[in-house]
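Subject: Structure handover

Hi,

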Amino acid sequence: MPSLGSNSGPQKLMLVAGLHLSLGLVLWAYTGGWSELYGYYFTHVGSAFLISFAFLELAFALRVRKAFQPGEELYRAWTAIMVGAALRLVGVFVAHGLQPDARVRDIGIFVSGPLALGCLAWGLRGVLRLYRTLGYSVRLQATDWFLVAGCAAMAVSGVIQNMISPSSGFITDVLLCLLLFQAILLKRSVSQMGGGLVAACWTAYVVAIFLTALGDLGITLVAYGFVPDALLPATWLIWYPAAASFALGPAFLSQAVYLATQSAAKRQPVSRRPKVAV
Amino acid sequence: MPRIVRVLFTTLLRRHPAPDILQACADLQLNDLENALTRYHTRGCETCQNEMRGGLELLELVAAPETQPAELSFLKQRILSAISASSGERQILIADVRRMLGSRAAERLTEGAAPKIVRAELAAFLGNRAADAFLGRMAS
């Protein structure tokens, strides 16, 4: 488990997530789709992974929020992101950790889904405003509008589906549409910075949102029978890199704060001024 | 102008290019160099300003008729170690800015911009405390 105070948290997170995903892919290839062992992987190892990473996301978000003081530009944004992370942890724990009946599980999914995503959307609104203030505002390109149109179509289909058979799924679709729009704007703004940990933080959120949207699309396709049985596990595996990306966002920024403060204190001061009295 | 001063300041300015000072060095005009150093002293970044201030003081000593050859040698060592330490520290700082804020912000520092310019971004993305801690190190 990565140490929160260390300077290599994101790297360790990526390593653990990579190993977990590799294990899933190896089992998928080995068992050819479904087996008792694969069931164990998703039910126990996978649940532990989702809960652990939701916990790490919250811990890193708390740490980043502490770096800001009330009144600062990103204080409210990180508060919203932190609340979203807390909701995700609660929801994931209820839905996957407790192994409850379908009704309680749905409550857990609602908490970790629409509620958590709503907080994230609110937080990203503040981040986008900051990028615009700092002169990183961008105009969407033709391909971006194509993606946004696809997301909007997904949201509209969710609303129509809700009219036919009421469920909370359409709220997730609408929120994901909004989040994807924000993610595209964020991606374009971040790409102007030329890399760095701050850019990596928001890129991780962009990846997480895209993977979540992809996972959501997978659920819809499975529900309508568009996904063959052999490919079914792929729609489940996608939630692991999504969870890892959500945790990586605050982890990268936490590392940047660490670099600016802790490592500065550890360095030896260097005497720069020449002595002129000879 | 003593050769030692020319060599040292050319080395220094290669790291922090300022065309007018380089030209003054090339022309070996002591007054021009002094004027250019004074100008750069007031508008460069804090690290460069310190270097230039130190440079002006040393220039004064080197140019003084009472300065002995043995003292010149000692001065050379002091200038060299100061320049290399300062440049090394500055390179670390620029690398840190690149790691945190990306190459765009680091380029601005490399081009001689004052650290205050990147402070706004540091404070906005990492908070005032982290920005102050980092910039405090830059100014120390």
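Below is what I found, chain by chain.

Please keep in mind that this is a predicted model. Its scores are ipTM 0.74 and pTM 0.73.

Chain A

Chain A is built from nine helices and zero strands. Read from the N terminus, its elements go α-α-α-α-α-α-α-α-α. Of its 278 residues, 42% are buried. Take the contacts in chain A with a separation of 6 or more: 73% of them link residues 24 or more positions apart.

One helix pair deserves a look. Helix α3 of chain A covers residues 75-97, and helix α4 of chain A covers residues 102-133. They pack at about 165°, and their axes are 7 Å apart. Because the angle is over 145 degrees, α3(A) is roughly antiparallel to α4(A). The crossing of α3(A) past α4(A) is left-handed. Residues in this contact split into 20 nonpolar, seven polar and three charged.

Chain B

The mean pLDDT of chain B is 63, and 26% of its residues score at least 70. Among its elements, helix α7 (residues 116-126) of chain B has the highest mean pLDDT, 79. Helix α2 (residues 19-27) of chain B has the lowest, 49.

Two stretches need care:
- Residues 24-28 of chain B have pLDDT below 50, with 12 contacts in the model beyond near neighbours in sequence.
- Residues 40-44 of chain B also fall below 50, with 11 such contacts.

Where pLDDT is low, predicted coordinates should not be read in detail.

Best wishes

Note on methods. Residues are numbered from 1 along each chain as its sequence is written. Chains are lettered from A and ligands numbered from 1 in the order in which they are written. This is a predicted model: local features need pLDDT of at least 70, side-chain atom pairs count only at pLDDT 80 or more; totals for chains, interfaces and linings use all residues. Axes are lines fitted to C-alpha atoms, for helices over the stretch in contact, and angles run from 0 to 180 degrees between N-to-C directions. Helices (H or I, at least four residues) and strands (E, at least two) are DSSP runs, numbered from the N terminus. Angles under 35 degrees count as roughly parallel, over 145 as roughly antiparallel, 65 to 115 as roughly perpendicular and the rest as oblique. A crossing is left-handed if the near helix is turned anticlockwise from the far one by less than a right angle, and right-handed if clockwise. Ala, Val, Leu, Ile, Met, Phe, Trp, Tyr, Cys and Pro count as nonpolar, Asp, Glu, Lys and Arg as charged, and the others, Gly among them, as polar. pLDDT is the predictor's confidence in each residue, from 0 to 100. Two residues are in contact if their C-beta atoms, placed from the backbone, lie within 7 Å. A residue is buried if 20 or more other C-beta atoms lie within 10 Å of its own, exposed if 12 or fewer, and partly exposed in between; C-beta atoms are placed from the backbone.
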